[in-house]
There are 4 protein chains.
Amino acid sequence: MIKVAVTGATGYAGGEVLRLLLSHPEVEVGALTAASTAGSRFGQHQPHLLPLADRIVAETTPETLAGHDVVFLALPHGASGAVAAQLPDDVLVIDCGADHRLESSQDWADYYGGEHAGTWPYGMPELITGSSRQRAALAGARRVAVPGCNVTAVTLGLQPAVAAGLVETTDLVAVLANGYSGAGKSLKTHLLASEGLGAALPYAVGGSHRHIPEIAQNLTKAGAPEVTISFTPTLVPMARGILATATARLAEGIDEAQVRAAYEDAYGDEPFLHLLPEGQWPTTAATLGANTAQIQVAVDERAGRLVTVTAIDNLVKGTAGAAVQSMNLALGLPETTGLTTIGVAP
Amino acid sequence: MIKVAVTGATGYAGGEVLRLLLSHPEVEVGALTAASTAGSRFGQHQPHLLPLADRIVAETTPETLAGHDVVFLALPHGASGAVAAQLPDDVLVIDCGADHRLESSQDWADYYGGEHAGTWPYGMPELITGSSRQRAALAGARRVAVPGCNVTAVTLGLQPAVAAGLVETTDLVAVLANGYSGAGKSLKTHLLASEGLGAALPYAVGGSHRHIPEIAQNLTKAGAPEVTISFTPTLVPMARGILATATARLAEGIDEAQVRAAYEDAYGDEPFLHLLPEGQWPTTAATLGANTAQIQVAVDERAGRLVTVTAIDNLVKGTAGAAVQSMNLALGLPETTGLTTIGVAP
Amino acid sequence: MIKVAVTGATGYAGGEVLRLLLSHPEVEVGALTAASTAGSRFGQHQPHLLPLADRIVAETTPETLAGHDVVFLALPHGASGAVAAQLPDDVLVIDCGADHRLESSQDWADYYGGEHAGTWPYGMPELITGSSRQRAALAGARRVAVPGCNVTAVTLGLQPAVAAGLVETTDLVAVLANGYSGAGKSLKTHLLASEGLGAALPYAVGGSHRHIPEIAQNLTKAGAPEVTISFTPTLVPMARGILATATARLAEGIDEAQVRAAYEDAYGDEPFLHLLPEGQWPTTAATLGANTAQIQVAVDERAGRLVTVTAIDNLVKGTAGAAVQSMNLALGLPETTGLTTIGVAP
Amino acid sequence: MIKVAVTGATGYAGGEVLRLLLSHPEVEVGALTAASTAGSRFGQHQPHLLPLADRIVAETTPETLAGHDVVFLALPHGASGAVAAQLPDDVLVIDCGADHRLESSQDWADYYGGEHAGTWPYGMPELITGSSRQRAALAGARRVAVPGCNVTAVTLGLQPAVAAGLVETTDLVAVLANGYSGAGKSLKTHLLASEGLGAALPYAVGGSHRHIPEIAQNLTKAGAPEVTISFTPTLVPMARGILATATARLAEGIDEAQVRAAYEDAYGDEPFLHLLPEGQWPTTAATLGANTAQIQVAVDERAGRLVTVTAIDNLVKGTAGAAVQSMNLALGLPETTGLTTIGVAP
């Protein structure tokens with residue numbers, strides 16, 4: 001059995017990693033660590049994870065993390081680097097935070113500030129990288145940077161068209177409907193249920209969202225000569241889920257058949273990516289709890305734009321599912337082990 | 001007192017017109033008519049409108065509508081023309097449906113199909129029309145076509161920039177988060193609470209939504225030489241509200257200060273349009289029950305786009321509030337009579 | 001005009017008092033005060049109250065509260081006494097908190113702890129007190145204690161049956177579905193949207209809720225020789241609203257006709273209390289934003305119990321509406337001034 | 001492999017049975033049948049069940065159901081009997097509907113009307129039946145009647161206290177918060193998202209709900225000499241989940257320690273029933289997607305009542321999970337095969 005520790009275990013990302021690991025046939029859950037909740041009963045924080053309810057949350061120290069084959073970091077950005085530095089090189093460290101995603105130190109400085117912690121292999125197996133896929137880079141890796149949840153939704157929605165040269169990439173526009181768990185368990189007034197129930201509201205409007213350079217980095221790998229994107233996330237009253245509407249100007253003379261062919265070609269063999277049949281549109285409800293992205297495309301001839309809509313569960317395909325999928329690849333397990341394409345609906 | 005009848009009184013739009021009329025100091029509520037619900041107790045359908053609870057719903061006939069100064073039509077599109085034809089010319093008829101909004105018969109044929117019922121004065125008082133506003137065209141009108149709810153949100157978000165020439169209008173992109181009441185009280189599976197709770201999903205993707213030509217018509221009046229828009233509405237789990245994220249490529253050399261100045265200039269005197277202070281973003285929660293649009297703008301320099309976000313209550317500013325505001329103008333009453341800028345939150 | 005100050009103006013109760021006062025024809029809104037938010041722009045906290053958006057929140061001091069005819073206190077319990085003590089006797093002080101509701105110091109000690117601040121006239125005009133109603137005690141009052149929101153729902157549901165002797169009062173059972181705004185704007189993990197969306201959960205189970213002695217106090221006034229009640233509130237995913245299911249063992253030989261007659265008799269003349277027609281059940285949606293309680297009763301002959309269901313908006317009839325209604329009575333204004341029976345739905 | 005057919009496969013109960021069966025290691029999913037949706041693509045109705053998306057829904061006929069080891073019936077009540085009559089005796093038939101739950105034909109006549117279809121072994125393995133549990137009666141069964149979802153929540157909440165004689169059973173009171181999926185995929189106005197979002201409302205109040213005699217039947221088996229219960233379900237804005245607050249008068253001299261001991265004794269070995277530690281209360285969120293009931297108890301000494309709160313997922317422990325658990329028992333598989341105690345939260 002693979003022994004796995006999770007830091008940030010009482011937060012949403014850490015809890016979701018654990019939810020998946022508990023159904024993973026090759027994994028034994030080891031240390032559960034956290035900062036402010038250390039010392040308390042785990043079931044108080046994650047009552048849905050019954051098999052772990054009576055565990056006590058440990059502090060995040062080299063000692064508590066010692067003796068594990070894999071360590072998942074589910075920490076606020078900026079905190080991962082220090083923890084990772086204390087772990088041996090042969091331990092697989094999977095960072096669900098942002099610290100090791102970006103390749104450009106300038107991007108890090110521009111969007112996050114402070115010193116860049118360095119770049120780790122990027123945990124999006126389906127990312128198109130030239131004639132290959134990113135999964136090749138994950139085999140045998142001992143450090144993995146899990147993508148941002150919004151980044152995953154937008155990248156998966158656009159990359160087949162980008163890679164096939166069907167769209168211009170210098171005027172992308174993406175608007176997302178986001179569930180609240182994407183904001184984490186932070187105590188902020190605008191995250192209260194009273195505020196969120198019945199309301200839709202945007203955040204990080206106008207180009208400031210930290211996921212923007214990561215999307216550009218991905219689409220560049222997928223073949224875009226240059227990427228500019230207008231990106232607006234909006235909070236809507238659901239706990240989980242991202243519905244990403246991402247559009248791009250069509251290249252000259254591209255019709256819907258060519259677009260569908262490109263998506264079928266790119267995703268037909270992907271176990272977790274599902275192009276819906278014509279006429280059916282994604283709903284986040286169908287992806288809840290599953291590691292799937294459900295995707296649909298339409299060509300708006302009047303507007304000259306490709307419209308793609310991608311639904312994912314931000315905590316699964318957007319975070320913990322990608323993390324486990326990357327773990328499988330890094331350790332040489334079948335990629336789909338412990339992951340499901342079946343959602344919980346209604 | 002002005003005697004007012006409402007057809008489609010047991011639906012959502014009709015109910016909202018009545019909610020506003022009950023607080024209107026110059027109005028007496030007359031006939032409440034409907035089709036399938038005729039003969040039943042009104043309170044069974046609209047239990048929130050207590051003062052009318054014991055009324056009996058009448059059938060929609062020339063007799064039941066006779067003797068009123070104003071008749072509101074809250075009917076499915078295609079039904080308004082026949083009812084209106086039976087009403088005297090001096091009765092003010094306000095159509096909350098789509099039948100009389102479009103000026104182009106070709107647009108009607110393309111997006112709705114069937115015969116075009118003709119064009120009535122358009123009930124968006126704040127629409128910029130050259131150097132004037134649409135309210136001038138509503139004074140003394142006896143027929144008014146109330147705008148579509150999505151149209152209102154997108155038009156109000158973009159028109160100051162369009163009118164001031166700050167943006168290109170041939171590659172607009174709008175994505176909306178929509179509450180379920182916009183779909184009416186129709187019995188369709190995807191409108192069930194079980195389906196909608198916890199889900200976000202798009203509809204009418206790819207250029208087919210009927211509000212598209214109406215947006216183009218408005219922005220053309222506001223000064224656009226030509227309009228093309230990619231428009232995607234999405235259902236999110238709220239009963240009311242529209243949050244419209246509408247973006248446009250910036251013209252050369254335009255900065256945020258110029259944009260803010262244009263919006264302040266256009267909306268500074270508008271009683272129901274509110275440009276939020278810098279740094280504050282709209283939430284639909286703040287507009288619930290109110291006839292306001294709350295608007296914010298940002299210039300994304302990297303992306304070269306203006307991003308506007310507009311929040312309205314689809315049933316008030318998006319429908320019934322615009323209808324009552326237009327009634328006030330048509331009858332020569334103060335425009336704000338019976339309407340509020342105060343929302344119900346949280 | 002009556003000049004009114006509101007303390008705790010940036011919280012939910014204070015905001016709702018202001019929402020109602022802005023529509024009150026005799027009131028001028030004076031000072032808006034608060035503690036931690038003092039010095040900030042009011043619109044940042046209550047963006048739905050547009051007419052006050054540009055006000056600056058003041059600190060709660062004798063100076064800022066001076067010169068007002070009425071002061072509403074919307075503060076956590078324990079804080080009202082000190083503020084009230086600094087206000088002149090001829091100023092009408094209306095406490096939305098719990099400090100002055102209970103008549104028994106023992107009850108205060110048992111449920112709240114600490115020293116009892118004393119008892120003020122109780123702001124539930126419809127409370128049956130022997131052959132009279134509580135509104136008589138509010139005429140000319142200069143201190144008013146606004147009831148607890150749950151207390152209002154349960155009291156209004158049960159008191160006609162209690163007063164008419166139709167039920168036993170020693171084994172009452174009430175279970176409530178509560179919207180999140182009842183918990184205030186406090187930053188607690190279980191109040192986050194991520195936690196609350198899609199979840200139902202109880203709190204203060206087993207007899208510890210502070211509203212229990214207040215219900216008993218009310219029903220005793222209504223004629224109960226002795227009151228014991230099992231009371232369980234539950235949080236459900238809505239921002240506002242209380243649906244109270246309150247049951248009582250029927251006295252011997254009581255049938256539904258007698259029960260309905262008692263409720264019609266008790267509430268037939270009450271402007272804000274509405275016994276629904278047979279077969280129609282309350283929904284909180286119909287009371288949103290309104291000062292109404294919608295009530296229905298059923299006799300369960302097999303179970304030998306009267307079941308009453310009462311829907312209110314916790315922030316209106318449950319708090320701010322009761323406060324304004326009491327203000328009207330205290331100042332000799334018509335009781336319904338500035339209050340509505342019309343809800344905002346759907 | 002066990003070959004399984006599901007009738008009513010496009011409804012909520014049928015879909016959930018399939019969701020669980022797809023993760024069951026011993027099961028092969030055979031025919032998917034339905035009535036009005038026959039002939040259509042399955043993925044159109046249950047887009048979350050990706051592995052079955054391309055199946056075509058068959059009609060429910062003896063031919064389509066032939067050749068299966070197990071047939072699940074997820075049909076409206078009244079329809080199961082006719083389908084079951086056509087199936088061989090050695091096929092395991094599991095009825096998720098109400099037709100075969102009640103033992104008393106009089107109860108059937110009183111609450112459902114029409115002819116009673118007969119009684120099948122009752123699919124609640126944890127039901128206390130004298131000194132045994134109901135699971136004994138399920139071993140080898142070829143007909144199983146799955147309990148009603150509300151019945152499961154209330155029975156599990158009360159039966160340890162009933163069996164241990166700690167409470168009186170002649171004045172039980174239960175009030176439930178229910179998610180909308182319990183009402184099925186029926187097209188009714190009050191089930192629309194617009195109606196349900198932000199609203200709480202009761203139904204079947206006053207003793208008419210069909211689950212009442214079934215609760216009484218269960219608690220009688222658990223040892224109650226006589227059962228009367230006041231039972232009120234309420235719809236709240238969530239897709240799934242039941243939170244049942246069920247109370248009973250305490251017998252003389254019973255304290256909380258005795259109560260906890262009885263629940264620990266009754267449920268300590270049950271794989272799917274979880275008595276929470278003192279101070280922690282159930283939330284439906286923790287049970288979403290899981291076959292667990294999370295239970296807590298409190299003794300209200302002032303009120304003389306035991307208060308129990310039980311959270312389940314109505315579609316899992318309340319329906320499909322109980323069905324699969326019963327299948328396991330009937331076929332001699334380990335009872336927990338294919339079922340999880342891990343919920344999906346937040």
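Predicted model: local features only at pLDDT ≥ 70, side-chain atom pairs only at ≥ 80, totals over all residues.
Me: Which residues of chain A does the UniProt annotation "domain: Semialdehyde dehydrogenase NAD-binding" cover?
Reply: The annotation comes from an unreviewed UniProt entry. The span it covers is 22% helix and 20% strand, and its end C-alpha atoms lie 23 Å apart.

Me: How far apart do the C-alpha centres of domain 1 of chain A and domain 2 of chain A lie?
Reply: Chain A is divided into domain 1, residues 2-120, and domain 2, residues 150-314. The two are in contact, with 14 residues of domain 1 of chain A meeting 15 residues of domain 2 of chain A. The distance between their C-alpha centres is 27 Å.

Me: Which three residues supply 47% of the area that domain 1 of chain A buries against domain 2 of chain A?
Reply: Between them, domain 1 of chain A and domain 2 of chain A bury about 1300 Å², with 47% of that area on carbon and sulfur atoms. On the domain 1 side, the share supplied by the three residues in question is more than that of any other three. They are A:Tyr12, A:Arg101 and A:Tyr111.

Me: Which helix of chain A gives the most residues to the side of domain 1 of chain A that touches domain 2 of chain A?
Reply: Across this interface there are 3 salt bridges, and the count of residue pairs in polar contact is 8. On the side of domain 1 of chain A that touches domain 2 of chain A, helix 1 (12-22) and helix 4 (105-111) each supply at least two residues. With 3 residues, the one that gives the most is helix 1 of chain A.

Me: What is the N to O distance in the salt bridge between A:Arg240 and A:Glu16?
Reply: A salt bridge is counted here when a side-chain nitrogen of Lys or Arg lies within 4 Å of a carboxyl oxygen of Asp or Glu. The side chains of A:Arg240 and A:Glu16 meet in such a bridge, with an N to O distance of 2.6 Å.

Me: How many salt bridges are counted between chain B and chain A?
Reply: The contact takes 43 residues from chain B and 43 residues from chain A, and the area buried between the two chains is about 3400 Å², of which carbon and sulfur atoms give 62%. A:Asp171 and B:Arg249 meet through their side chains in a salt bridge of 3.0 Å, N to O. The count of salt bridges between chain B and chain A is 4.

Me: How many nonpolar residues has the side of chain B that touches chain A?
Reply: The count between chain B and chain A is 10 residue pairs in polar contact. Elements of chain B that give two or more residues to this side include helix 5 (105-111), strand 9 (172-178) and strand 12 (242-249). By class, the side of chain B that touches chain A has 7 charged residues, 13 polar residues and, for the class asked about, nonpolar residues numbering 23.

Me: Which helix of chain D gives the most to the side of chain D that touches chain B?
Reply: Here 17 residues of chain D are in contact with 17 residues of chain B, and the buried area is about 1500 Å², 68% of it from carbon and sulfur atoms. D:Leu187, D:Leu192 and D:Leu197 supply 38% of the area that chain D buries against chain B. The count of salt bridges between these chains is 0, while 8 residue pairs are in polar contact. With 3 residues, the helix that gives the most is helix 7 (residues 193-196) of chain D.

Me: How many residues apart in sequence are the parts that B:Arg135 and B:Glu270 tie together?
Reply: The side chains of B:Arg135 and B:Glu270 meet in a salt bridge of 2.7 Å, N to O. B:Arg135 lies in helix 6 of chain B and B:Glu270 in the loop between helix 10 and strand 13 of chain B, so the parts that the pair ties together are apart in sequence by 135 residues.

Me: Where is B:Ala204, whose phi is a positive value, found?
Reply: Most residues other than glycine have a negative phi. The phi of B:Ala204 is near 50 degrees. B:Ala204 is found in the loop between strand 10 and helix 9 (212-221) of chain B.

Key: Residues numbered from 1 in each chain as written. Chains lettered and ligands numbered in written order. Heavy atoms only, no water. UniProt positions renumbered as here; feature names shortened; annotations may be inferred. Helix = DSSP H or I, 4+ residues; strand = E, 2+ residues; numbered from the N terminus. Domains from an automatic or database assignment. Contact = heavy atoms within 4.5 Å. Buried area = accessible area lost by both parts, 1.4 Å probe. Polar contact = N/O pair within 3.5 Å; in protein donor to acceptor, adjacent residues only side chain to side chain. Nonpolar A, V, L, I, M, F, W, Y, C, P; charged D, E, K, R; others polar.
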